[in-house]
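This report describes selected local features of one protein chain. Please keep the sequence and the model at hand while reading.

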Amino acid sequence: MTSDGNWEKIAAAKRAALAEAIPKEYRVPEQQLPPESQLDVTSWPKKSGWFSSKELEITDSTALQILEKVASKTWTSEEVTRAFCKRAAAAQQLTNCLSDAFFDEAIESAQALDEHLSRTGNLIGPLHGLPISLKDNFNIKGKDSTVGFASLVNEPAEYNATLVDILEKLGAVRYCKTNVPTAMMIAESVNNVFGRTVNPLNRKVTSGGSSGGESALIAFGGSPLGIGTDIGGSLRIPAACTGIYTLRPSFGRFTTQRCRSGLAGQEAVASVNGPMARTLEDITLYSRAIIDAQPWTLDPKMLPIPWRQVEPKKKLKIAVLSNDGICLPTPPVLRALKETTEGLKEAGHEIVEWDPKLHRKALELLGRMFVADGGKSVEALLAPAQEPYRPEMQQYEDAKELGVLDMWKLHLERSELQRQYLEQWMSHDDLDAILAPTTPYASVPHGDFKYVGYTGVYNVVDYSAVSFPSGVTVDKAKDTLASDLKAQSEFCQGARDSYDPELLHGLPVSLQLVAQRLQEEKVLAMTATVLQAIKSAGKANL
C-alpha cells in the first residue's frame, strides 16, 4: 500500500495513465466529440461517422448473436474485440466509465482464440470470443483494483479473482475494468481517484452505483456483457438507471472468491456478483455458462447446484410491492408498476398485495451491518494517502464500532428477520414472486441518490432478483407530482425534491422481480413471462 500522502497527486497520475492507455487510434478527434450540451450520447456512435458500419453492426449485437457469429466464423474474435475496444474507448471519453483499459492484451487473447478455432475447429468454451467487461474489484493479476481509493493505486493484484480464471477457461476476452464509487458503498459511481461516471442516456443524471461504470459502458454499447457486484443494490440500481438487465443471484451460485472489497471480511450481508447486459437472453446465457463450469470445485463457499431447467408456468402468482412505507416511488415508477400489473392480470396471472411490514427493520439491520466496524475498513484505506472522506461516506466517518457480542446479536436479529420474511412469503399459498420498483426513481441528478431500500431488503434475505426495463419511459406530461401527498420520511421528501420530469423525460423505468433464495433459474424464466405479458398488453393498446 502506497505511503505517499498526496492523494491528489496520486489520483491525477492515475487518471493520466488511464488516458494514455487509450490507443491514439481510439481517441475521438475533438471536432467529432458531441458538445457538452448533448445529454444523450447513445446515438452518437451511429451519427458520428467515427465508426465503420461493421464496427456498429458488431457493437450493436447481443452477446448471443456475437457468439453465434464467431462460432460460425462469420466474424473473428479479433474483429469483435477491436470493435468493442474502440467503442469502450469512446464510452470512456464521453461518460468516464473505465478504471483500466488493456486493449492490446485483449487483442492478443482474441487472436489466440481465432488461431485455436482455425486449427482445431473447436471452440474453447461457451463464451469463446466474447468480450466481457469487469467491475474494478475483480482482481486481474498485474492490474490495479483501487475500488476508488488513492492508496490502492499502483498496488497491482498478485492473482486473478476465481471468476476471472473461469471466464478465461470459457473463452471470454477481458479488455477493460469499470469505475466504482469509493469502497463500492455509494449508489452512484464517484470517487476521488477517477471522478464521476455519468449516464450516457442523460449526462446530467447518474448511471447508478456501485456498478455504474459497467451500466454506463453497456448502455453506450461499449460492452456486450459485463460483470458487477451487489451488496445493497449495486447491480440492480445501475441497471435500472440505464434501462438494462441484471440478475442479483443468491450467495453460493457465482463465485466472489479473491475479489477486492472496500469492507473486506464483512459477511453479515453477503456481496454477490452477476451479469449485466442489454437482453434477458444474454443474462441467462451467462448464468448457465458460469454454473455449468462448476464453481464449487474451485470455491468452497459455492453450492454444488447444477443448472436447473425451468418449465415456465402458464399462470404465476405475483405479490406487488408498490410502496414500502418509507419512500413512495416517483410518478413514472408507480405508472410502470401499474401498467405492468395490469398487463399481468390481462395475461391471466394472479396478483396479490405484498405488505412491507418487515422492510423498515431489514433496512435498519443493513445499515448497522455496513458500519459495524466503526468505519475502520474505510479509514484504513483512506489514511495512507491522507485521502478525505467523500460527503457520501459520512455514515462511515461517524460510525461507532460494535463489539463482538453486539455483532453476534446483530447476526441473530438478521436470522430472525430472514425467518419472518420466509414465513410471510409462505403465508401466500404458492406465491411465485414479488414485483417491486428497483428504485424509487428512473434516475436522479448527480448527488441525489439517497434511498436503496427497495433493493437492500433482498440483500438481507438473500433472494434472487432480476431488474428489467418495464417498457415505460418518463413522460413529463403524464408523470407529474401530486402536490397534496405527505412525505413518509426524509428519504421520501428527498425523492420528491429531486424529481424533475423535464430533466428525466424519455429515460427508461425499471422494475425488479424477486424470487426466493437460490431460485436464479426460476426468476429468469418468470421475468421472460412478465416481459411477454408487457409486450402483449402493449400490442393490445395500439
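The model is predicted. UniProt, in an unreviewed entry, lists residues 79-524 as "domain: Amidase". In the model, this span is 36% helix and 16% strand, and its end C-alpha atoms lie 31 Å apart.

**Two threonines in loops**

Thr-197 sits in the loop between β5 (195-196) and β6 (198-199). Thr-256 sits in the loop between β9 (245-248) and β10 (272-277). The table lists their accessibility.

| Residue | Relative accessible area | Class |
|---|---|---|
| Thr-197 | 0% | buried |
| Thr-256 | 22% | partly exposed |

Thr-197 counts as buried because its relative accessible area is 0%, and the cut-off for buried is under 20%. Thr-256, at 22%, falls in the class between buried and exposed, which runs from 20% to 50%.

Which groups meet the side chain of Thr-197 in polar contacts? A polar atom of this side chain lies 2.6 Å from the backbone oxygen of Asn-96. The side chain of Thr-197 also makes a polar contact of 3.1 Å with the side chain of Asn-179. Leaving aside residues up to four places away in sequence, Thr-197 touches several others, among them Thr-95, Cys-97, Ser-189, Ser-207 and His-446.

With the same exclusion of residues up to four places away, Thr-256 touches Phe-251, Ser-271, Val-272, Asn-273 and Asp-299. Between Thr-256 and Phe-491 there are 31 Å in space, C-alpha to C-alpha, and the two are 235 residues apart in sequence.

**Helix α8**

Helix α8 spans residues 212-220 and is mostly covered, with nine of its nine residues buried. Just after α8, Gly-221 has a positive phi of about 95°.

**Helices α12 and α16**

Two packed helices are described by the angle between their axes and the distance between the axes. For α12 (residues 359-370) and α16 (residues 453-460), the axes come within 9 Å and cross at roughly 75°. The two helices are therefore roughly perpendicular to each other, as angles of 65 to 115 degrees are classed that way. On the α12 side, the contact is made by His-359, Ala-362, Leu-363 and Leu-366. On the α16 side, Gly-453, Gly-456, Val-457, Tyr-458 and Val-460 take part. By class, this contact has six nonpolar, three polar and no charged residues.

Technical notes: Residues numbered from 1 in each chain as written. Predicted model: local features only at pLDDT ≥ 70, side-chain atom pairs only at ≥ 80, totals over all residues. Heavy atoms only, no water. Helix = DSSP H or I, 4+ residues; strand = E, 2+ residues; numbered from the N terminus. Buried < 20%, exposed > 50% of the residue type's maximum accessible area, 1.4 Å probe, protein only. Polar contact = N/O pair within 3.5 Å; in protein donor to acceptor, adjacent residues only side chain to side chain. Contact = heavy atoms within 4.5 Å. UniProt positions renumbered as here; feature names shortened; annotations may be inferred. Axes fitted to C-alpha atoms, helices over the stretch in contact; angles between N-to-C directions. Parallel < 35°, antiparallel > 145°, perpendicular 65-115°, else oblique. Nonpolar A, V, L, I, M, F, W, Y, C, P; charged D, E, K, R; others polar.
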